[in-house]
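Please keep the sequence and the 3D view open together, and look up each residue as it is named.

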Amino acid sequence: MAIQSRSPIISLLIPAITTALWFILLCGVIYPLATTVVANLLFPYQAQGSLITVNNKVIGSELIGQNFAAPKYFHPRPSATTKTGGTDAQPYNAANSGATNYGPTNKKLIDAVKGAVTAYRKENGLADNTPVPIDAVTNSASGLDPDISIANANLQASRVAKARNKPVAEVQKLISDNTTGRQWGFLGEPRVNVLKLNLALDK
């Protein structure tokens with residue numbers, strides 16, 4: 001009596017299920033664990049979120065902006081994650097990262113930038129014809145940008161110095177000391193991390 005062979009469906013299902021389980025194990029367990037271990041061994045600071053601590057207390061990440069509004073602090077780039085109205089304003093909300101997606105000819109964007117330019121000049125005691133850096137009045141693509149341009153920082157220096165009763169030159173030196181150059185010497189522009197600069201001010 002001949003032995004009955006396995007059903008064709010079973011013959012197809014076994015290798016399919018085995019392959020699926022193998023890839024789940026490889027891509028869902030082994031690979032994430034391996035990259036986590038390697039990252040923590042080679043780049044522990046970055047792997048943990050580039051967190052900044054003061055007196056052993058985490059106060060933020062150098063990768064995500066914070067909402068500094070007091071005159072004695074440098075102010076960050078506008079955040080697209082800010083909700084309008086009421087008490088639900090959440091600037092630099094990492095769970096809501098994103099830009100406005102307005103095009104350059106969009107009237108809402110044009111009006112918003114005009115209003116931001118006027119407010120920026122007034123806030124920093126600038127003349128009506130003072131050129132305003134683009135990063136001071138527009139959102140970044142992520143809405144979480146932690147850095148500002150050197151030009152933006154320098155235009156805020158007088159306001160910060162006045163609020164702290166410090167010489168402007170002293171504040172400008174802090175800007176220089178906390179400036180990060182182009183990545184690898186040629187990518188991007190020199191910039192200042194707002195959280196680090198404000199921490200330097202408080203010291």
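1. A residue is called buried when its relative accessible area is under 20%, exposed when it is over 50%, and partly exposed in between, using a 1.4 Å probe and protein chains only. By that rule Ser50 is buried, with a relative accessible area of 5%. Ser50 is found in the loop between helix 2 (44-47) and strand 1 (51-54), where helices (H or I, at least four residues) and strands (E, at least two) are DSSP runs numbered from the N terminus. Although Ser50 is not a glycine, its phi is positive, at about 50°.

2. Before going further, please note that this is a predicted model, in which local features need pLDDT of at least 70 and side-chain atom pairs count only at pLDDT 80 or more, while totals for chains, interfaces and linings use all residues. Residues are numbered from 1 along each chain as its sequence is written, and side-chain values use heavy atoms, with hydrogens and water left out.

3. Asn165 lies in the loop between helix 4 and helix 5 (168-177), and with a relative accessibility of 71% Asn165 counts as exposed.

4. How many salt bridges does a search of the whole structure find? The search finds 7, a salt bridge being a side-chain nitrogen of Lys or Arg within 4 Å of a carboxyl oxygen of Asp or Glu. One of them joins the side chains of Glu62 and Lys196, with an N to O distance of 3.4 Å. This pair links distant parts of the chain, 134 residues apart, since Glu62 sits in the loop between strand 2 (57-61) and helix 3 (107-123) and Lys196 in helix 6 (residues 194-202). Lys196 is partly exposed, at 35% relative accessible area.

5. In another salt bridge the side chains of Arg77 and Asp145 meet at 3.5 Å, N to O. Arg77 lies in the loop between strand 2 and helix 3, and Asp145 in the loop between helix 3 and strand 3 (147-149), so the pair ties together parts that are 68 residues apart in sequence. Arg77 is buried, with a relative accessible area of 16%.

6. Glu189 and Arg182 also form a salt bridge, their closest N and O atoms being 3.0 Å apart. Glu189 is exposed, at 51% relative accessible area, whereas Arg182 is partly exposed, at 39%.

7. Turning to the strands, there is an open sheet of 3 strands in the order 3-5-4, with antiparallel pairing, and two strands pair if DSSP finds at least two bridges between them. Strand 3 and strand 4 (179-180) are the edge strands, each pairing on one side only. Strand 3 and strand 5 (residues 191-193) run antiparallel and are joined by 3 bridges, with Asp147 standing opposite Asn193 in strand 5. Helix 4 (residues 150-164) packs on the sheet and touches strand 3, strand 4 and strand 5, its direction making about 85° with that of strand 3. Here contact means heavy atoms within 4.5 Å, and the axes are lines fitted to C-alpha atoms, for helices over the stretch in contact, with angles from 0 to 180 degrees between N-to-C directions. Helix 6 lies across strand 3 and strand 5, running at about 65° to strand 5.
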